[in-house]
Amino acid sequence: MTEVADAVTQAMTPIPGVVPPPDLEVVNMSKHFGTLIALDNVSMKLKPATFHALLGENGAGKSTLVKCIMGFYKPTSGQVMIDGRVCQIDSPRDAQRYGIGMVYQHFTSVPSMTVAENLVLSRYDSPGLINWKQEYQELTAFMEAAPFKLPLDATIAQLAAGQKQKLEILKQLYLKSKILILDEPTSVLTPAEADEVLGLIRQQVTDGKISVLMISHKFREIMAFADEITVLRKGKFAGAGRVKDLTVSEMAEMMMGEKREPQPVKKVAHREPIPVLEIRDIHANKDNGLEAVAGVNLTVHSGEIVGIAGISGNGQRELVEVLAGQRPATAGQVLVNGEPYTMTRAEMDKHRVFVLPEEPLRNACVPHMSVAENLALRTFDRPPQAKGFLLVFKAIHEMALGLINTFKIKTPSPETPVGNLSGGNIQRTVLARELHSDHIKLLIAANPCFGLDFAAVDYIHGQILEARNRGVAILLVSEDLDELLKLSDRILVISGGKFAYESKTEEADFAQIGQSMAGH
Amino acid sequence: MAAEALGWWGVPLGIFAGTLRGSAPFLFVSLGECLTEKSGKINLGLEGTLLTGAMSAYAISYLGAEKWGVPSALSPWLGVLVAGCAGMVLGLIHAWLSQQPKVNDIAVGIAMIIFGSGIAFFFGKPFIQPKAPQLPTIDIGGWSTMPAVQSALKISPLFILGVFIAPLMAWFFKSTRWGLFVRAVGDSPDAALAMGVSIKKVRMLCIIAGSFLAGIGGACLSLYYPGIWSESISSGQGLMAVALVIFARWNPIQCLWASLFFGGAQAIGPALQAVGIEQGRYLFNAAPYVLTLLIMIITCSPKKTLSGAPGALGTISG
């Protein structure tokens, strides 16, 4: 951490030969959507050649603020000033003219095109006819000087998530943006990838070439890479300061409005653990037909959380899909309560198996169906929600109202299509459906807190632990090691489709876990 | 049929000639569909566009020569142009309808098949009988003394035009700013939006341009081969062309090969018939349809994702 801090003081003095980035100031910015006040009189200043983090919970107005700067939204009031002059930015194209570029939370490269095509396409002034020979020469020269290298001829679909994110940043450097706005740039990256990407950006900032404004709610990254922070809460300015002068709990306090300790985890010991889920030598293939899961054996007992850690793409997704019935296993057997389990609806019901898959909107919801209908997906074909082959809408509606209440799902009505809810509320909807049953015996959860804010994460962790304490057997697959260490009783590492490490969580050797994850 | 004098050699010659003759409509419709699908929309309505194009080309060619005093060398070309424009009108309707919120392209496409063929049948009634001037052909069979070979090797200039459009379109997708925009819109609308490209406009233009090509495909049918106007003239070629685009992996050059392949398959039946094989004639005539089905079966797999498919193909907007 000390070298970063030193670098910061250096960066403040202009470095000869480098055009310093301009100074960006937001003055009294407000944005109203109808009656909703998304942003209320917020001011902030991004000093040249600094790494500035914009913090806040989901819905605090961070995205609205940067979208106002970028010209996506027209602010209701307030101004953007660049180098002390008021600038009218009406579109991202105007922003590019002022040297401001944004890297979005989701990749904005075209998957079927090559890196070179995507870079050329990103230029607003790209010529009508593209002289590929000349462009290639220029791109090769650009790539040589760039902080990270990517193959120009590779299509985006072939790149790993980390490389895609690098391309998004390269794009901005290619466009000669001096101010980079990053919207949660690491949300789809593994910690190692995130550190690499942010470290390289940090280097550019330290060299005085660019300024960075990064939306984030990962304190680890902010402590390691940012110089200053601005915190928003419910659309209002909630605090600012230098990272050096602040602690994590002070930042969290600014964000949440009150000091909050992480909830202590209460675990009840179970005396007679019964094996609930037994996985025997399961093999499964990826979409492209290559082997993803190469023979894994695992037993999960009642009242136990077994965590599977691993860098994404090592077979955990395919394993969960096999267990959820979404992907056929090429070999092996799954037993639940000692009986062969083939993921039919009848067996799921009989053995009380429930699943919280990752990307719930894609894997566990029907986006165009209502919240109530989605909540009833497990139960609609049984009394009291069904009478013979007819549905009893009243029963479905009533259950939905009850679940919306207990699980605090924020939805305008039970009839709203679930696809219209925010990510956290979609996750709550699935959680409500999967966890409300009393008789649940086995829960399979994959990255249940991915992309959610603190309050939602705490809530979901609480629900999972509560289920464990009731005696549910839980298989938890997660890319967040902290989450696994906090929740699980036993931890395994999957690498290259096989388990590379196993231990009880209290005896887990952190260094060895890291090594196993990296495949050593 | 021309192949009689050649005996069994007539079969390959017949298939070859049939390929040159019959593949032009496939080529135009599939290129049009390729352009449309590259932008992320499906236009099943090209079947209707094909029929409307065939009817309007024939009608204008006939009316031009007989009623309006246009020279009979020129009036078929006028017909071709009008067929393209008629296609554009249908394309505009499809583009507008299919981009309304929560509207499905397939449903609109089927409606447009019915609408396009209905329009063609309605206005085409009076033109079933009269004989319209046909498009000129380029004879490449002059070297041969056999009339069978000569008559088999008459190529339509439209076919040659289509052969040139295929690489031109491939080049357009690769090396022009607009071509990259079209691919971006079809593959990742979010990315296109972030680049400041209007998805609606790009798709609208692609659908209209694609329908223009399909209209010209119709003109090939009525003004070159078979060279008549009747209600059963398209026999589903517009729909087959949609399958053909999948077969061609959304690549214009491969659309050309696939069109030749389908055109050839279509010629198997008549070529065998010409040498006197009457048995199983309906079976051979069904070759293109069987091929379409086979391609669908081969390319559909629950385990593999289709390579080359535009990412946003057929998704519902809004």
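**View 1. Contact between chain B and chain A in the predicted model.** The contact (heavy atoms within 4.5 Å) takes 17 residues from chain B and 21 residues from chain A. The area buried between the two chains, meaning the accessible area (1.4 Å probe) lost on putting them together and summed over both, is about 1700 Å², of which carbon and sulfur atoms give 57%. On the side of chain B, B:Arg177, B:Leu180 and B:Met195 lose the most area to chain A, together 34% of what that side buries.

**View 2. The salt bridge between the chains.** The count between chain B and chain A is one salt bridge (a side-chain nitrogen of Lys or Arg within 4 Å of a carboxyl oxygen of Asp or Glu), in which the side chains of A:Glu117 and B:Arg183 meet at 3.0 Å, N to O.

**View 3. The largest nonpolar core.** This core, a set of buried Ala, Val, Leu, Ile, Met, Phe, Trp, Tyr and Cys residues joined through side-chain atoms within 4.5 Å, where buried means under 20% relative accessible area (1.4 Å probe, protein chains only), has 125 residues. Those with the most contacts inside it are A:Phe51, A:Ile201, A:Val212, A:Ile229 and B:Trp229. A second, separate core of 47 residues includes A:Phe354, A:Leu356, A:Leu431 and A:Ala445.

**Notes.** Residues are numbered from 1 along each chain as its sequence is written, and chains are lettered from A and ligands numbered from 1 in the order in which they are written. In this predicted model local features need pLDDT of at least 70, side-chain atom pairs count only at pLDDT 80 or more, and totals for chains, interfaces and linings use all residues, while side-chain values use heavy atoms, with hydrogens and water left out.

Key: Buried < 20%, exposed > 50% of the residue type's maximum accessible area, 1.4 Å probe, protein only.
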